[in-house]
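Me: I'd like to go through this one with you and check what the labels rest on. Can you show it to me?

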Amino acid sequence: MATDLQRLKQSIPLLEYLQRHNWRPRRAATRQEFVGLCPLHQETRPSFYVNAAKNLFYCHGCGRGGDLIRFAQLFLDLPFRQTVAYLEQQLMPVPPTQLLEQTAAFYRLQLHRHAEAVRYLEHRGLQDPAVIEELGIGYAPGGNLRGNLAASGYSFDLLLEMGLINHQGRDAFCRRVIFPCRHHGHIVNLYGRSIGTAFPHRLLPRSKGGLFAWASVSCFSTVILVEGLFDLAVLWQAGFRNTTCAIGSHLTPAQWAQLSDSPRRSVYVVFDQDENQAGQQASRQLAQRLQAAGIAARIVQLPAGHDPNSYFAAGATAADFAACLRQAQRL
Ligand SMILES: [Zn+2]
């Protein structure tokens, strides 16, 4: 969390943020210090100082000062965590939506043309065509994305910059099941699960967006949070449509702001049970953080060695999982 905030502040220099909001310094006090009218209160003589090197401001008129987040919080009149989420969104480059939509559509078409991909979904316990379609799941067989997109006029450099191909022009996603990640309706990233021997998880080198499918999940008063998209897929298939996913056990500030935006919500955390205890530790920390924010949190225990996906793939039913939810203890 602290490092995320540090990164956020470094990514948006305070002076640049102020200038984007039409603040014009009247004069420079020193090489790094600028003075102008205070954007936070009415004044006619400049008393608002910005130190560009330290990324700090102070107003001698209203006595307020601090860093970028403090300024944005006062300027926008928002609580701390919503301010952070807002700034995170400012950082996200405008998503090249069309390119990602076209890539995801191309991968969707490949899914049923490659028996190994369909077999892999079955092996992970996912068979319902309606859920597969709704999640927009596709398959990247490798070796043909560039040619397909070049025909639509996308340049080599853009595909390379997006992380869809490598310097040799080969597909970055190869032999991977693809899930498009949407934020406010737009695809902002693609997650690819290797079906072969490559490293299991891959995302494009850009923000993973908010919580998965949050637009349809946020209306539930009880939410199930899982680590992986295959966990989410089998839970949706079993009827638990109130399941969302952080793609990993670490929530970004934007995801945290979503999950904690309503005190009436209660959250079931169902992370993986790892041998090195990483998942268990992450779920405990998250549950404690939720409790501290006034949100009821429960940690769900599955039978030893199982995550939601492997539990269903091994034959568990919706009733079995519902029993695990009932047994989950509040902290
Ligand atoms: Zn002021």
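Me: Which residue stands opposite Leu56 in E4?

Reply: That's Asn51. Before we go on: this is a predicted model, so local features need pLDDT of at least 70 and side-chain atom pairs count only at pLDDT 80 or more, while totals for chains, interfaces and linings use all residues. Residues are numbered from 1 along each chain as its sequence is written, and side-chain values use heavy atoms, with hydrogens and water left out.

Me: What makes E3 and E4 a pair?

Reply: Two strands pair if DSSP finds at least two bridges between them, and E3 and E4 have four, in the antiparallel sense. Strands here are DSSP runs (E) of at least two residues, helices are runs (H or I) of at least four, and both are numbered from the N terminus. E3 and E4 also form a hairpin with four residues between them, and Asn55 in the turn has a positive phi of about 60°.

Me: How do you know that E4 pairs with E5?

Reply: Two bridges join E4 (residues 56-59) to E5, and these strands run antiparallel; the cut-off is at least two bridges, so they count as a pair. Phe57 stands opposite Gly66 in E5, and the bridge partner of Tyr58 in E5 is Gly65. Their hairpin has five residues between the strands, with Gly63 at a positive phi near 75°.

Me: Why are E1 and E5 said to stand at the edges?

Reply: The open sheet has five strands in the order E1-E2-E3-E4-E5. E1 (27-28) and E5 (65-66) each have a single partner strand, so one side of each is left without a neighbour in the sheet.

Me: What lies across E3, E4 and E5?

Reply: Helix H3 (residues 68-76) does, running at about 50° to E4. That angle is between N-to-C directions, on a scale from 0 to 180 degrees, with axes fitted to C-alpha atoms, for helices over the stretch in contact (heavy atoms within 4.5 Å). The covered face of E4 has Phe57 and Cys59, the uncovered one Leu56 and Tyr58.

Me: Why is the site of the zinc ion called tetrahedral?

Reply: Four donors count as tetrahedral if all angles lie between 85 and 135 degrees. Here they span 94 to 125°, so the label holds. Donors are N, O and S atoms within 2.8 Å of the metal (3.2 Å for Na, K and Ca), and Cys38 (SG), His41 (ND1), Cys59 (SG) and Cys62 (SG) sit at 2.1 to 2.3 Å.

Me: Is Cys38 buried or exposed, and what about His41?

Reply: Buried means under 20% relative accessible area, exposed over 50%, partly exposed in between (1.4 Å probe, protein chains only). Cys38 is at 7%, so it's buried; His41 is at 24%, so it's partly exposed.

Me: Why is helix H11 described as largely enclosed?

Reply: Eight of the nine residues of H11 (residues 229-237) are buried, so the rest of the structure largely encloses this helix. Among them are Phe230, Asp231 and Trp236.

Me: What makes something a nonpolar core, and how many residues has the largest?

Reply: A core is a set of buried Ala, Val, Leu, Ile, Met, Phe, Trp, Tyr and Cys residues joined through side-chain atoms within 4.5 Å. The largest has 58 residues, and Phe321 is one of those with the most contacts inside it. H11 gives the most to this core, with seven residues.

Definitions and conventions:
Four donors count as tetrahedral if all angles lie between 85 and 135 degrees; four count as square planar and six as octahedral if opposite donors are over 155 degrees apart and all others between 65 and 115; anything else is irregular.
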